[in-house]
Every structure is written in structure tokens, then in C-alpha cells.
Amino acid sequence: MTSDDIIRIYEKANGWSPEGWDKTVDELERFAALVAEAEREACAKVCDAYDVAEDVCSSDTAEGIALAIRARGQG
């Protein structure tokens, strides 16, 4: 992600505007990196737990894992 991506996402999440901003872009980038790291690990755990024995072919496995990862945001 670029700095602009991180700021755009933060703005969307918080209704942020530049006035009164007390964090540096570096601080925001470090925060975003930690969040991304945690999400990657959580997605890896979904993959680790996925039972491929139930799938007929690898495309089913990939689709099943993708659905499981997306479902994480529904909870």
C-alpha cells in the first residue's frame, strides 16, 4: 500500500480531514503495516485450518479458502 492508499482508507473509516491531524504519515504507515501483518497471519490460519480433503479439485480449494477469508469480515 502507498501512503496515499493508507490515508484514503483512514479518511474513509474515520471521516478524517487534515485539520487537527496530530499523527505523522510515518505513524499511520506503521499502524497500517501492523494491521496488515495481523490480517495476513489470520488469513494464513484460515488456510492452515481449511480441510482440502473435502474438495474435489484445487480450484474448489482456492475458492473455498477465498470464501473463508472473506467471511472473516462478516462476523
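From the N terminus on, the chain runs α-α-α, and this architecture comes from a predicted model. The secondary structure amounts to three helices and zero strands. The chain has 75 residues, of which 13% count as buried.

**Surface**

**Largest pocket**
- The largest pocket holds about 210 Å³ of space.
- Twelve residues line the largest pocket, and those nearest its centre are I6, I9, Y10, F31 and A32.
- Helices α1 (3-14) and α2 (25-49) each contribute at least two residues to the lining of the largest pocket.
- The most is given by α1, which provides six residues of the lining of the largest pocket.
- By residue class, the lining of the largest pocket comprises ten nonpolar residues, one polar residue and one charged residue.

**Residue A42**
- Helix α2, which contributes to the lining of the largest pocket, also contains A42.
- A42 counts as buried because its relative accessibility is 18%, and the cut-off for buried is under 20%.
- A42 and R72 are 30 residues apart along the chain, and their C-alpha atoms are separated by 9.0 Å.

Notes
Residues are numbered from 1 along each chain as its sequence is written. This is a predicted model: local features need pLDDT of at least 70, side-chain atom pairs count only at pLDDT 80 or more; totals for chains, interfaces and linings use all residues. Side-chain values use heavy atoms; hydrogens and water are left out. Helices (H or I, at least four residues) and strands (E, at least two) are DSSP runs, numbered from the N terminus. Buried means under 20% relative accessible area, exposed over 50%, partly exposed in between (1.4 Å probe, protein chains only). On a 1 Å grid over the protein atoms alone, a cavity is a set of points where a 1.4 Å probe fits but cannot get out, and a pocket is an open set with protein on both sides within 12 Å along at least five of seven lines; lining residues have an atom within 4 Å of a point. Grid points are joined across faces, edges and corners, and a volume is the space filled by probe spheres set on the points. Ala, Val, Leu, Ile, Met, Phe, Trp, Tyr, Cys and Pro count as nonpolar, Asp, Glu, Lys and Arg as charged, and the others, Gly among them, as polar.
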